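Subject: Handover of a structure and summary of findings

Dear colleague,

Please find the structure below, followed by a summary of what was found in it.

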Amino acid sequence: MNGRQLITDTQNTWCPGCGNFSIQHTLKNVLADREREGQSLDNVVLVSGIGCHAKIADYLNINSFYSLHGRTIPVATGLKLANPGLTVICCAGDGDCYAEGLDHLIFAAKRNIDLTVIVHNNRVYGLTTGQYTPTSPRGFKGKSTPLGTREDPFNPLELMLASGATYVARGYSKKMDLLRRLIREGVGHKGFAFIDVLQICATFFPAADYYSPRVYDLEGHDPADFEAACAKAREWDYNGDAPIALGTFYRKTAPVFGGNVAGRKMSAGDREQAVREVLEKRT
Ligand code: SF4
């Protein structure tokens, strides 16, 4: 279906000022660009998890799978392995993908599965009204930590670099032009593309006054240089006053997991037949 209306009529229940709007519109623009360039959106699947971010599956008019908490990546992996012709995009939350689903994230990066993972990292559980997540800053006061957290956040970029991700980037929901470039690059990347998006939660973590004076674009950085990428990723540890780099930290070409994962290559017809046989055995 070409020239489709990409925003659905579903009532949008995100809070006014929520950074999810920026991510939704940026992703919509990237998809519209692809369609204009002659790539059918019928081959795109969006997988979301559970959390405020996940409603994006209701709000974008493309094939989508609203999965379970922490399970965006296994669902996306199954889709991609069953049909390698699909472009599979995961929208996940930080609580969703850095807590319950963390092992899936690490292994998808390790295997270099051909997916794009966009993390709506608002650094708080917004849907459940404000508990701390793995990336909340030390001292964060929320429903579950009224006196402030006593833990440091972990650094998802450093973790993804160590895990083998072949595309690693960071965006910000208030820098939509940059975010558009990053999502476009990530979706076009052959392999595991990871984009951590600093997303404003207007209600439970309205951090724009913290982020906006600190962010800067990575310029003159060579994304092929792994050591430089690690150094840039460590510059800000999701705490404190350090400058916050945005852009493409790392990119490399590497064999992707899939295609002949079972030790043999299958045509699209053979694959369809194999799936049909499995389904018939179950009925
Ligand atoms: Fe957005 Fe936060 Fe509201 Fe959720 S609670 S919709 S993340 S502003």
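**Surface patch**

Ile 50, Tyr 66 and Leu 127 make a nonpolar surface patch of about 250 Å². Patches are made of residues with over 30% relative accessible area and no salt bridge, where like charges are joined within 9 Å and nonpolar side chains (Val, Leu, Ile, Met, Phe, Trp, Tyr) within 5 Å. Accessible areas come from the Shrake-Rupley method with a 1.4 Å probe, and for residues only the protein chains shown count as cover. Tyr 66 lies in strand 2 (residues 63–66); helices (H or I, at least four residues) and strands (E, at least two) are DSSP runs, numbered from the N terminus. At 36% relative accessibility, Tyr 66 counts as partly exposed, where buried means under 20% relative accessible area, exposed over 50% and partly exposed in between (1.4 Å probe, protein chains only).

**Basis of the model**

This is a predicted model, in which local features need pLDDT of at least 70, side-chain atom pairs count only at pLDDT 80 or more, and totals for chains, interfaces and linings use all residues. Residues are numbered from 1 along each chain as its sequence is written, and side-chain values use heavy atoms, with hydrogens and water left out.

**Salt bridges**

The structure holds 13 salt bridges, each being a side-chain nitrogen of Lys or Arg within 4 Å of a carboxyl oxygen of Asp or Glu. In one of them, the side chains of Asp 33 and Arg 180 meet at 3.0 Å, N to O. Because Asp 33 lies in helix 1 (residues 20–36) and Arg 180 in helix 7, this pair ties together parts that are 147 residues apart in sequence. Asp 33 is buried, with a relative accessible area of 12%, whereas Arg 180 is partly exposed at 29%.

Arg 184 forms a salt bridge with Glu 37, with the closest N and O atoms 2.9 Å apart. Here too distant parts of the chain are linked, with Arg 184 in helix 7 and Glu 37 in the loop between helix 1 and strand 1 (44–48), 147 residues apart. Asp 33, Arg 36, Glu 37, Arg 180 and Arg 184 are linked in a network of salt bridges.

Glu 185 forms a salt bridge with Arg 251, where the closest N and O atoms are 3.3 Å apart. Glu 185 is in helix 7 and Arg 251 in strand 8, 66 residues apart.

**Aromatic rings**

Rings of Phe, Tyr and Trp (its six-membered ring) pair if their centres lie within 6.5 Å; planes under 30 degrees apart count as stacked, over 60 as edge-to-face and the rest as tilted. By this rule the count comes to 11 aromatic pairs. The rings of Tyr 210 and Trp 236 have their centres 6.4 Å apart and their planes at 45 degrees, so this pair is tilted. Trp 236 is buried, with a relative accessible area of 0%. The rings of Trp 236 and Tyr 238 are stacked, because their centres are 4.2 Å apart and their planes stand at 25 degrees. Tyr 238 is likewise buried, at 0%. Ring pairs link Tyr 172, Tyr 210, Tyr 211, Trp 236 and Tyr 238 into a cluster.

Yours sincerely
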